[in-house]
Amino acid sequence: VLTTILWIFIQAVQQVEDSNAGLLPLALVRALRRTAGHDDLMTVHFLGASHNLSDTDGLEGSILNATSFSFFDKAIHHIVTDNGEERGVVLAPDGTTVALAPLLLGIESGLKAKMEGTEAVGIFPLSLGRTLGLSLLSLQDIPPSMRLGPNGCWDNVEQPKVFKLSRPATLATDAVINGGMDGVILGNHLSKLPATEQPQALSEILRGYYNFTLTEKQGIDAVTNYISPKRRQLSRQLLEPLDLHAEVMTTLTLVWKLEDTEWIALDSGLGNAVQDGLKTFMHRYLDCPQIIPRCQWGAKASRDTPIPLSLPLRFLYVHHTYEPSAPCLSFSSCSRNMRSMQRFHQEDRGWNDIAYSFVVGSDGYIYEGRGWNHVGRHTRGHNALGYGVSIIGNYTAALPSRHAMDLLRNHLALCAVNGGGLTGNYTIQGHRQVVNYTACPGDALFSEIRSWEHFRE
């Protein structure tokens, strides 16, 4: 999984760099835009027409030969087919799916500002603003929750080739929003590099953000540079200070002005549609943690019809897995742990499915177990009363990473409350408090959660 799609793209980029000594990253990302045919009016307004930019001269031989052109065009050009396949997206090593077009537009905007010493005005409109605005307005007659997304599944966990969406697409699918957020993060970072610091090669920019290694000594808590598991945290830091509603409405006004269409008045009705949709965006993509769906970690189907929960619930029960005993630090290891636990629960314990509602990894992500809507098998006698959330590892003597605990304590819980899964006055309890034969979630973790706001003895 980790060396398949995004890695191939990065390697292809590096091959172009290796065959063009001294190639600037701005020139290369412009040439990629030219290859993918992304010279729409708004992009040209902010970045200039790629075919008129002299720094792409001489690259046609390395990029626009038949093989390279075909690869880059397919990799970058974003479409959703009639049968729900999303193309122009890549599987990242962290297990998330990313659309390349908005990512590269954000990077180009940041590099242009850095090289020209100007303000990076196009990063948000090109990466996120236009797509968010058009998606929210084009679907204003349906509930805000349906105007963004969806996510999807790759056809094969080991050799992913086709990505299929879980429901009809909006303009702003999860992959497009992931790519847009990454474009905003990397574009802003590049635009603010010190005057004395030159940008890395494009392949190195991408490799540093997506292809990193966490260790127990250098866990996610200790990482200070930009990496993809921090996508939502970093996006919040950049987007919260903005008046997102004003930014999106300004972007939409520019779109209609540039296209010279009949003027569409941005009346209160359209403004309200955007405002409602942006609340959904903030909740789903900034408040809520990224949850790796069952299909992504390779879950087997439940052996029986899942029993629906009666929402909202009043309790959140905290567990540790004990076995596996070590924190998982990558998508591949966390996925392997999830499959191992499901196999143990189904085959050795005879249960219908993996026991937990959700499982927290130390790779920066939460993994879907039985999910928001189905009764688990996590806390005997209390399964229908609350969500059971386990952190992978043995926390008898040591604590999980701060990042993992924050995902559970703040982001997953807030997501559940705002999404109607938990009551606002929900109670956090450790497994041992309601089941007397277990030391779960471990002495160290139990001592920690006793200081959390919603904990009750």
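**Reading terms from values**

Tutor: Let us begin with the lining of the largest cavity, whose residues divide into four nonpolar, eight polar and one charged, where Ala, Val, Leu, Ile, Met, Phe, Trp, Tyr, Cys and Pro count as nonpolar, Asp, Glu, Lys and Arg as charged, and the others, Gly among them, as polar. This is a predicted model, in which local features need pLDDT of at least 70 and side-chain atom pairs count only at pLDDT 80 or more, while totals for chains, interfaces and linings use all residues. Residues are numbered from 1 along each chain as its sequence is written, and side-chain values use heavy atoms, with hydrogens and water left out.

Student: What makes a space a cavity, and which residues lie nearest the centre of the largest one?

Tutor: On a 1 Å grid over the protein atoms alone, a cavity is a set of points where a 1.4 Å probe fits but cannot get out, and lining residues have an atom within 4 Å of a point. The largest cavity has 13 lining residues, and Gly95, Thr96, Thr97, Asn151 and Gln290 lie nearest its centre. Its space comes to about 90 Å³, the volume being the space filled by probe spheres set on the grid points, which are joined across faces, edges and corners.

Student: Why is tyrosine 285 called buried?

Tutor: Buried means under 20% relative accessible area, exposed over 50%, and partly exposed in between, with a 1.4 Å probe and protein chains only. Tyrosine 285 has a relative accessible area of 1%, so it counts as buried. This residue lies in helix α12 (residues 268-287), where helices (H or I, at least four residues) and strands (E, at least two) are DSSP runs, numbered from the N terminus.

Student: Why is strand β11 said to be largely enclosed by the rest of the structure?

Tutor: Six of the six residues of β11 (residues 386-391) are buried, so the strand is largely enclosed by the rest of the structure.

Student: How do you know that β8 and β11 pair, and in which sense?

Tutor: Two strands pair if DSSP finds at least two bridges between them. Between β8 and β11 there are six bridges, in the parallel sense, and valine 318 stands opposite valine 389 in β11. Strand β9 (residues 358-360) also runs parallel to β11, joined to it by three bridges, with isoleucine 391 as the bridge partner of valine 360.

Note on methods
1 Å grid on protein atoms, 1.4 Å probe; cavity = no way out; pocket = protein on both sides within 12 Å on 5 of 7 lines; lining within 4 Å.
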